[in-house]
Amino acid sequence: MKIALLSPIAWRTPPRHYGPWEQVVSLLAEGLVRKGVDVTLFATGDSHTSARLEYICPFPYEENQSIDPKVWEAMHIAYLFERADRFDLIHNNYDFMPLSYSRLIDTPVLTTVHGFSSRKILPVYREYNRDNFYVSISDADRSPELDYLATIYHGIALQEFTLVEQPGEYLLYFGRIHPDKGTAEAIEIARRYGMKLYIAGIIQDKDYYNIQVAPHVDNRNVFYLGSVGPGQRNQLLGQAYALLHPIHFDEPFGLSVVESMACGTPVIAFRRGSMPEVVNHGHTGFLVNNTSEACEKLALIANLDRRDCRHWVELGFSQERMVDDYIAIYEQILANRN
């Protein structure tokens, strides 16, 4: 099989720190290559991969403000689709824009729907529903208006995460700073429970950070660490008492939740979106409805076996499982075309 993987260009593939879509594409590319699949990765020119790298955009637009995102997104997508006849299948991880190119080529296009930024983008998915193949990243994130071949959960590279069997002495918020992600609620939970909180992630909403977060960052009880890379991520997650994930939107997946459990650290998550699929309630953490319930469940975290968290991820959220699932989908699509 000759597979073209289309990655976003907001961040490098793999990302230096933040970039969940790029991280998933990187893990998929590396896993496919190890399985002997002929893979060409279309990403930024500074990307790192053992696959064949092709690019037109030299570096990520989020890291260089001289790049206009719309211009380079259009060029990036066109660069692949103009070469579509070189591949057996195009695997699109770039949201809805590449769908509008798909009827111009004969090569089948598989799109992983990494979530819907709003219902306003659904018309594109509906329009190209019969001409493309869709995969969801959780059952919760499926639209009843679309057809899907499968749900394939994201996988992580387990070797990058170290199991820590003893609970730490601080709480951790790991994600972008935005009202949807509940940074302020994490601060409130930590204050009420009486435990230090470390916050790690990019500031996506500066006004929210300045008003709701920054006034509480005193470097005694609440610490803001910025966006952290893989090495510091492993240490932060593993040595935490629990990960706080008080989301206010229906999150499609939640990589940080899986990464936390891979380190043995249980999760306290609001019961929204994919969380009931990702967190094994009562075994790898707790699903709650508000900050009061979160505080109540935090007292039970120490009773959980952190080895169960790791085992849960090994069973359902490994890189190898994700790669095998996608290979099966590729083979299904190509077999039906013959």
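Buried means under 20% relative accessible area, exposed over 50% and partly exposed in between, with a 1.4 Å probe and protein chains only. By that cut-off His178 is buried, because its relative accessible area is 19%.

The model is predicted: local features need pLDDT of at least 70, side-chain atom pairs count only at pLDDT 80 or more, and totals for chains, interfaces and linings use all residues. Residues are numbered from 1 along each chain as its sequence is written, and side-chain values use heavy atoms, with hydrogens and water left out.

His178 sits in the loop between strand E8 (170-174) and H4. Helices (H or I, at least four residues) and strands (E, at least two) are DSSP runs, numbered from the N terminus. Contact means heavy atoms within 4.5 Å. Leaving aside neighbours within four places in sequence, His178 is in contact with Tyr173, Thr183, Gln204, Asp205 and Tyr208.

**Helix packing**

Two packed helices are described by the angle between their axes and the distance between the axes. Axes here are lines fitted to C-alpha atoms, for helices over the stretch in contact, and angles run from 0 to 180 degrees between N-to-C directions.

| Helix pair | Angle | Axes |
|---|---|---|
| H4 (residues 183-193) and H9 (residues 291-298) | about 50° | 9 Å apart |
| H4 and H5 (residues 206-213) | roughly 20° | within 10 Å |
| H1 (residues 20-34) and H11 | about 75° | 9 Å apart |

Angles under 35 degrees count as roughly parallel, over 145 as roughly antiparallel, 65 to 115 as roughly perpendicular and the rest as oblique.

H4 and H9 pack at about 50°. That makes H4 oblique to H9. Their crossing is right-handed; a crossing is right-handed if the near helix is turned clockwise from the far one by less than a right angle, and left-handed if anticlockwise. H4 brings Glu185, Ile189, Arg192 and Tyr193 to the contact, and H9 brings Thr291, Ser292, Ala294, Cys295 and Leu298. By class, the contact of H4 with H9 has five nonpolar, two polar and two charged residues. Ala, Val, Leu, Ile, Met, Phe, Trp, Tyr, Cys and Pro count as nonpolar, Asp, Glu, Lys and Arg as charged, and the others, Gly among them, as polar.

H4 and H5 are roughly parallel to each other. Their crossing is right-handed. Thr183, Ala184, Glu185 and Ile187 of H4 meet Tyr208, Gln212 and Val213 of H5. This contact has four nonpolar, two polar and one charged residues.

H1 and H11 are roughly perpendicular to each other. From H1 come Val24, Leu27, Leu28, Glu30, Gly31, Leu32 and Arg34; from H11 come Gln319, Met322, Val323, Tyr326, Ile327 and Tyr330. The classes are nine nonpolar, two polar and two charged.

**Cores and a buried helix**

A nonpolar core is a set of buried Ala, Val, Leu, Ile, Met, Phe, Trp, Tyr and Cys residues joined through side-chain atoms within 4.5 Å. The largest has 85 residues, of which Leu5, Leu32, Leu171, Leu197, Leu298 and Tyr330 touch the most other members. Helix H11 (residues 319-337) gives the most to this core, with eight residues. Not counting residues up to four places away in sequence, Tyr330 touches Met1, Ile3, Leu5, Leu28, Leu32, Leu89, His91 and Leu110.

Helix H7 (residues 255-262) is largely enclosed by the rest of the structure, because eight of its eight residues are buried. Just after H7, Gly264 takes a positive phi of about 90°.
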